[in-house]
Structure formats: structure tokens, C-alpha cells
Amino acid sequence: MLLKTEALTKNFGGLTALNKVDFEIQEGEIVAIIGPNGAGKSTFFNLISGYYPSCSGTISFMGKDMTRTPTHEFASRGIGRTFQTTNLFTDSTVLDNLIIGYRSKTKMGMLDAIFNTSRARRDEGASREKATEVLEFIGLTEVKGQPVGNISQEAAKRLAIGLALVTEPRLLLLDEPAAGVNHGETNELAKLIKKIQQTGTTVCLIEHKVQMVMNLAHRIMVLNYGSKIAEGTPKEISNNERVIEAYLGGAAHA
Amino acid sequence: MNLLIQQTVNGLTLGSIYCLVALGLTLIYGIMEVPNFAHGHLYMVGGYVTFFMMTLYGLNYWVSAIISGIVLAVLGVLLERLVFNPMRNSPSSNKFIAAVGAMMFLEASARVLWGSDFRSIPAIYDNVVVMGGVRLTEQRLIIIAGAVILMVALYVFIKHTMIGSTIEAMAQNRDGASLVGIDVNRVAMLTFAVASILASAAASLAGPIFLVYPGMGSLIIMKAFVIIVIGGMGSIPGAVLGSFILGLTESLGATYLSSNYKDVVAFAILVLILSIKPSGLFAKGAR
Amino acid sequence: MLDGMKKSNAKLIAYGVLSVVAIAFPFISPNRYYLTVVTLGFIYAIAVYGLNLIVGYLGQLSLAQAGFFGLGAYVSGLLSLKLHLSFWISLPMAAVVTTLVALLVGLISFRTRGHYFVIFTLCIGVIINLVIEKWDDLTGGVRGLIGIPRPTSIGPIDFISLESQYYLVLLFLSLTIFVMSRIASSLVGRTFKSIHNSEELAATLGINVMRNKLLAFGIAAFFTGIAGALFAGYIRFIGPDISNPHLTFELLLFLLIGGQATIAGPLVGTLIATGLTESLQFMQEYRMVVFGALLIIIVKFFPGGLVGAAMKLKTKIEKRMNKANKSEDALSKGENHAAKNRGFN
């Protein structure tokens, strides 16, 4: 088992955004988290990526407790993530984004920079190499020199995923990877996610596009009002009464 | 014991002045998220206008103070229109720098126009009142009373007028989700006008005791920042509370600790508070 | 590849010309007054480079810099005046003390965010200023320190003449620019920039934001302390004024005029701003009136400063030229081009 949460809870003021969620992610699978708006999906993500601390409950990753680990250590421990609103370094080019993404794997410091030591050159080379490799993997080699402001929405989504990939995660968390892109592009992104899983990275995603989730995920967890209401294979979920009532049913009414 | 009372009154006087400046600063911050660095310099200009009205035109103290309030309201609105409104969508550090620019401009203009001399608004109420063995000048009592009256007026304005309650709502809830249909420009201008009037009133009240000079805004603006950080940036009750805490601390600190370092006290308090609570004493929001 | 080589060659030539001008300046300067002004400008420029690292690259508006400048000047001044230490000991001591104080300040101030950080650092600046002013026994209070010794001579090289002092300051400035450009072009500098761009994203990618902020803050203070020490050794009289937040605001202005987050910006801005002040008589009186207004105009319309504006112009011209070239290309290889486009989409 890769990641495990026990009774994970988060309150904002008086509001319980996430209520005692137990969840496990197995090595090598693609799992999805679905649920109506405001169900606590993003909160769950933000907790297991260390973006903000939980109020109670525990998170363990590869058998180690991560409940109180600072944000920046999550990446080096092997958890990478993307954000719902595509989050990139807007001042830089596509390639430079990925180079910075590899920074936590490099060791050079201030003195290395000033004296341009062999370690500095090695680290710069390694970053560039890794960035180029990921660029190829996500299919953006053609636009590597472009400022990120100039690339398409779909390319930006790919780049955001690539940015998480350069940190060489064991577990990749994707927050609505296909939000705001058209049908054809969604299929392309699904292919990319599949490809990532096939290279041995475990993927956990939040997604509103039910069709995509049903085709892609091995397992699905459903949240509603901050609590887990169901968990199972896509088939089980699509036949689950509570899910239909809370999620699909609710959507049908609206 | 008398000394203690004396210093307490002095602390209240000081607190009253701080309060009028800090209230304006916190209102502007609440509405526009602009740390108005130039606010202390509006206070300075207010002091000069009152001074010149009295000395050049021989006007009555209160009439001069009212004219000064009007002039400053106009200046405040100009500042909002020319500096802060165009910067609305800039990064926050750029707003800060623009405010610093406005501050430099006002102080330097005052120096060029009026020289660097220290001046004093003629004191009319310099009789000494003896209350319970404590000797106080009338002006000190006027400062405290004036500040209280203005605070009540502000309270009434905010609680009992449409536009006032809009200002408060905007100051307290920056999301603006519930504030659809508000003319943001009008509120911003009005806030600057009100804040500038308060600053000019503070200067008119303080002028006869403290002095009027181009640099008089520099120290008070930094103290006002300390106050609103203590009280929570954007909070009105916080600004009032913080002002009196600081006024009393300085006044008593100067007497019982060291008068040499009394100005350091404010900044030391702030450093201490932010060291323990990085988001201020009364931070809003759980995040 | 060829293009890159051309570029780096052009850069080398530019650096060469600049160095020759800088070295020859004492001989071509029309009078000694200009030499004094430029030397002082260089000293401020070193401090502005420090500010550039914090504000331009890291994106944190620190208003404590004049405090650090004053600290460096007073530490160096006091050590050489009262303990009769050599300038070559007092200068590094000043840099080290300033850095340590800055690290301590950074440790607390970087826990705060946004406006709180700005106000916090401003308060630190004010505290340093007030302490220097009030600690009469040590600092001489408002009277300041008078008669600070000149930089100690090294063997046959002394620093009595204006020219020799100019070269001394030039040496430190060159060193500063060298270090800053190495940092800026390295992964370390890009890490600072990424924090400027999005702290959250940087942290998510495993970058230790706090440590990087401290690093930048410390380096900035180190150079600001050196600038302070050079100031003390050059002017030989220092008062509490040099630690006043007003100096911070001026340094900020120099930076913004030149262009933040650029390597040439701090020097260009400082020289132009100090040069204008000194050469235009009417500017003496109206200096801050003009500068205040200028600051607002710059942040609103030219946030990249002069160097930023020049670079924008250059890319615009390059783009236009590229377009011209491309349209020629397109005429000859029209079909090929279209096919490639289709393939990519």
C-alpha cells in the first residue's frame, strides 16, 4: 500500500470540509475521487499533498507518517501534484518551468553558483536533461522555447502534469486534469495519464468528467459533504444507490 | 501617583491622535487593500493648512480646522484618483511602492513650499486646569474630547447611513460576493475623503502641542501601521484599541523606563507580536 | 547555436567596452567632482544590487535595507575608529555582522506574508535607525562618527588619492556584479525567481521556500553591509541619517529606474538618478518632488525600468525582423510550412 489516510479531518472556521476519511491507494493503480461540488475533494488533495495541515487524523506514505511534514518535503518523499487552476511559472518558458521543477533533486548551492563549480555544471546539465526527457514524454518538445503565456490551454495542462513529473513522484495527484478542454483533448490527456501509470507511477485524480473517470480509473472513491459515501470499481460505483442519489441523481435534477 | 495620572492623560492624548490617523489607515486598507504610506503625510498637510489659515488669514481655530478638513478631503480623493485607482490591478508590492512615491512627493513638496522649519499652531486653549491635583492644559482635554466626538461621529456614519454601512461591509468582507451592485469607485473615493478628514482633524488637534513640520508624517505613519497590525489590518475596533494601547505604553514607558528610547517601543512591540503571531494579533480567516 | 555564440560575443564586447570606460574614467572625467559623484554612485549601486536580489528576483519588498547599510557603515566605522582595526578587517566584519543580523531578522520576518512582511522590515529599519541615533555613548548619536580612517594601504598601494579610492570601489562593484550575474543565471537564481512567481507552486515542487528566502536575504545584506563599510571609509563621516528608511526608498527608486530583476538595472538606475541630481541645479531642491512622482509613474507604466523597456524594445525589433525573414521563407517553402503546421496540430 502506497498511501493511507485514517480519519482525516479538516475544519475551516466552523465548517467541516472533510470528515474522518479513511482511504488507501495501492501501488501502480489509477484511482479517482469524485463527488458533487464542495464535497471536499480538493480539500482531501490539499491535505495529502501537504498543502495545508489537517486538523485531525493521519496520513502515511510508504509506511511513514507524513501528518506533520512541511509542504516542500512532500515532493522529495515522492508525492507530486497539479492544481485545479493550472498553476505554472508564468514568467518563464516551457523548458525553464520544467528545469525549476527538477530543482529539489539537485544539490548545488550559492557557492556552487558563484564559482560555477563542477557540481553546478552537473546539476544544470541534469536538470536540462530531465526537463528535455519529460518534455518529450508529455509531447511538448515543439513549444519548449515558448513563454507559458503563449501556449494553448491543453498544452498548459500537459505542462502542469509534466511539472509534477519532473519531481519523479511515486504518487501523482491530478486535480481536474481535463477541466476546460474539449472532448478530443480530453481523450489525449486520458492517454497521457494511462501512459504515466504504465511507466510505474501511481495516479490519483479528481475529475468531473464521469466518462473519463469510468474508462480510466481502477477504483473510485465518492465524497459527499466531506464524508466518504462509497468506494469501489467503476462498475460498482455506477450501480451504487447512495452515489446515484447524492451525485448522479443530484446532477440529473439540476 | 499624580505622575501616573498625568502620564495616563498624556497617553490618552497621544492615543487619541494615533487613533484618528490609524482609523483612516485601517479604513483604506480594509476597502482597497492599499497600505497607504502617504497617510501620515496627509496628516502633515492638514496641520499646515490649519496653521496657515490661522496665521495668514487670521481665521478662528475651529474654522481653520474645518477648512483644513475640506482641503484634505479633496487631496485624499485626488490621491485615490491619481495614484491608487490606476494601480488597482497591480501587484501588491507595486501599490506599496506607489504609496511610498506619494509620500516622498508630499513631504518634498511641503519642504519646497513651506521650508523645513518647525512651526506651532497658535494655542488658544493653553489655560491649565487642575483636576484632583493633576495639572492639565485645556488643549489636551480638547484633543481627547475631539477624538471621542469624531469616533462617535464615525460610528454613527458607519452604522446609520447607507454608504457608511457599505464601507464597513466592504472593509470586513473583501470577497465582495454579497456586495454586488456597489459603486466601488464611489466607495473608494469616499473612504479616502473620510480618512483624510480624520487625519487633518488629528493634525489640527495636535498642532498646538506637537509641532508642524514636513517630516511630522513619517513617524506617525509607521506607528499607525504598528497599530493596525496589532489591531488587525482593516479592523476598526482593533485600530481604536491598538491606538490607546500604544499611546499609554509610550507615555508610561517614557516615564518609567527610558524617554530616550520611547519611540523604539512601538516598533519593538510590533516585532515581538509578529514574532509570536506572524499573521497579526487579530488575524481574520482560518487559512 | 551560431546565434547563441554571436550573442555571447556581443555580450563580451559590451562588457569589454564598459570595463575600459570604467577603468579610464578618472582620466577622461572633466573634473574631480564627477569622480566623487560616480564613486559614491558605485557605492550605492552595490547596495542596490542587494535590494535587486530581494525585490527583483525573490519578489519580497524589504524596507530594512538602509538599516543594513547603516549597520555596515557603523560596524566598520566603529571598529576602525575605536579599536583601530585595519579597514581590511573592519570591512569583512561589517559584512558578516550585517549578514548575521539579517538572517535573524529574516528568520522571523519570512514567517509573515505580504504587507506584514513589508511593514515588519520597515520597522526593523526604523529600529536600527533609532538605536544608532539614541545610543549616544557608542555611536555619537546625532553628531555621528567623525574622522573614520581611510582604507588601510596594502603594501605600496594606498587609498589617499581620489583615483585610488575610485578604483577600490570599482573593484568591489565589479565583484558584486560578477557574483550577482552568476547567481542570476544559475539554478539558484532561477529558484528565487520561481518563488517570486508562485511560492505555493515552488513549495509543491519540493523547493524549501524559507531556506531560499533566507539565502537571498543574507546575500543581499552581505553586499549592503560591504556598501556601508565602503561608504564609511570613503566619506569618513557618518551620521544616523544613512540608516534612515528614506535611504531605502531612494535605493528602491534607483532600482526601479534601472530595472528590477536585471543585471544592468541597478547600476544604470543608480548612475542616472545620482547623475541627474548632481548635474541639474534645480534638481537639488526639487529632487524628491520629482523622484516621488517618478516612482509612481515608473511602477504604473514601466515596472521593468529602463533596462526592462530596452529589452522589450529589442525583442520587438527582433520579432519584426524574424517575421520579415519568415515571410520570405514562407514564400519559397509555403507548402512545406503548411504541412508542418497541420502535422503539429
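Which residues of H3(C) meet which residues of H10(C)? The first legend answers this. The model is predicted: local features need pLDDT of at least 70, side-chain atom pairs count only at pLDDT 80 or more, and totals for chains, interfaces and linings use all residues. Residues are numbered from 1 along each chain as its sequence is written, while chains are lettered from A and ligands numbered from 1 in the order in which they are written.

**View 1. Packing of helix H3 (residues 65-82) against helix H10 (residues 209-235) in chain C.** Helices (H or I, at least four residues) and strands (E, at least two) are DSSP runs, numbered from the N terminus. The two axes lie 7 Å apart at an angle of about 50 degrees; axes are lines fitted to C-alpha atoms, for helices over the stretch in contact, and angles run from 0 to 180 degrees between N-to-C directions. H3(C) and H10(C) are therefore oblique to each other (angles under 35 degrees count as roughly parallel, over 145 as roughly antiparallel, 65 to 115 as roughly perpendicular and the rest as oblique). Their crossing is right-handed; a crossing has this hand if the near helix is turned clockwise from the far one by less than a right angle, and is left-handed if anticlockwise. From H3(C), the residues Gln65(C), Phe68(C), Phe69(C), Gly70(C), Leu71(C), Gly72(C), Ala73(C), Ser76(C) and Gly77(C) meet Ala221(C), Thr224(C), Gly225(C), Ile226(C), Ala227(C), Gly228(C), Ala229(C), Phe231(C), Ala232(C) and Gly233(C) of H10(C). Contact requires C-beta atoms, placed from the backbone, within 7 Å. This contact has ten nonpolar, nine polar and no charged residues (Ala, Val, Leu, Ile, Met, Phe, Trp, Tyr, Cys and Pro count as nonpolar, Asp, Glu, Lys and Arg as charged, and the others, Gly among them, as polar).

**View 2. Span and burial of H3(C).** The 18 residues of H3(C) reach 25 Å from first C-alpha to last, close to the 26 Å expected at 1.5 Å a residue; the expected span is 1.5 Å times one less than the number of residues. Of the 18 residues in H3(C), 17 are buried (20 or more other C-beta atoms within 10 Å of a residue's own make it buried, 12 or fewer exposed, and numbers in between partly exposed, with C-beta atoms placed from the backbone). His84(C) follows H3(C) and has a positive phi, near 55 degrees.

**View 3. Lys213(C) and the crossing of H8(C) with H10(C).** The axes of helix H8 (residues 187-197) of chain C and H10(C) come within 10 Å and cross at roughly 115 degrees, in a left-handed sense. Thr191(C), Phe192(C) and Ile195(C) of H8(C) make the contact with Val209(C), Asn212(C), Lys213(C) and Ala216(C) of H10(C). By class these are four nonpolar, two polar and one charged. Lys213(C) counts as buried, with 22 C-beta neighbours inside 10 Å. Beyond its neighbours within four places in sequence, Lys213(C) is in contact with Leu58(C), Gln60(C), Gly106(C), Phe110(C) and Ile195(C). The C-alpha atoms of Lys213(C) and Gln60(C) are 8.7 Å apart, although 153 residues separate them along the chain.

**View 4. Crossing of helix H2 (residues 39-55) and helix H8 (residues 216-231) in chain B.** Here the axes come within 7 Å and cross at roughly 135 degrees. H2(B) and H8(B) are therefore oblique to each other, and their crossing is right-handed. His39(B), Gly40(B), His41(B), Tyr43(B), Met44(B) and Gly47(B) of H2(B) meet Met216(B), Gly217(B), Ser218(B), Ile220(B), Ile221(B) and Ala224(B) of H8(B). The contact comprises six nonpolar, six polar and no charged residues.

**View 5. Helix H5 (residues 138-160) of chain B and its packing partners.** H5(B) has 23 residues and spans 32 Å from first C-alpha to last, close to the expected 33 Å. Its buried residues are Gln139(B), Arg140(B), Ile143(B), Gly146(B), Ala147(B) and Leu154(B). They pack against helix H1 (2-32), strand S2 (134-137) and helix H7 (184-206) of chain B. In H7(B), 18 of the 23 residues are buried, so this helix is largely enclosed by the rest of the structure.

**View 6. The contact of chain C with chain B.** Chain C contributes 33 residues and chain B 38 residues. On the side of chain C, helix H5 (114-134), helix H11 (245-258) and helix H13 (281-301) each supply at least two residues. H5(C) gives the most, with 14 residues. The side of chain C that touches chain B divides into 25 nonpolar, four polar and four charged residues.

Terms used: Two residues are in contact if their C-beta atoms, placed from the backbone, lie within 7 Å.
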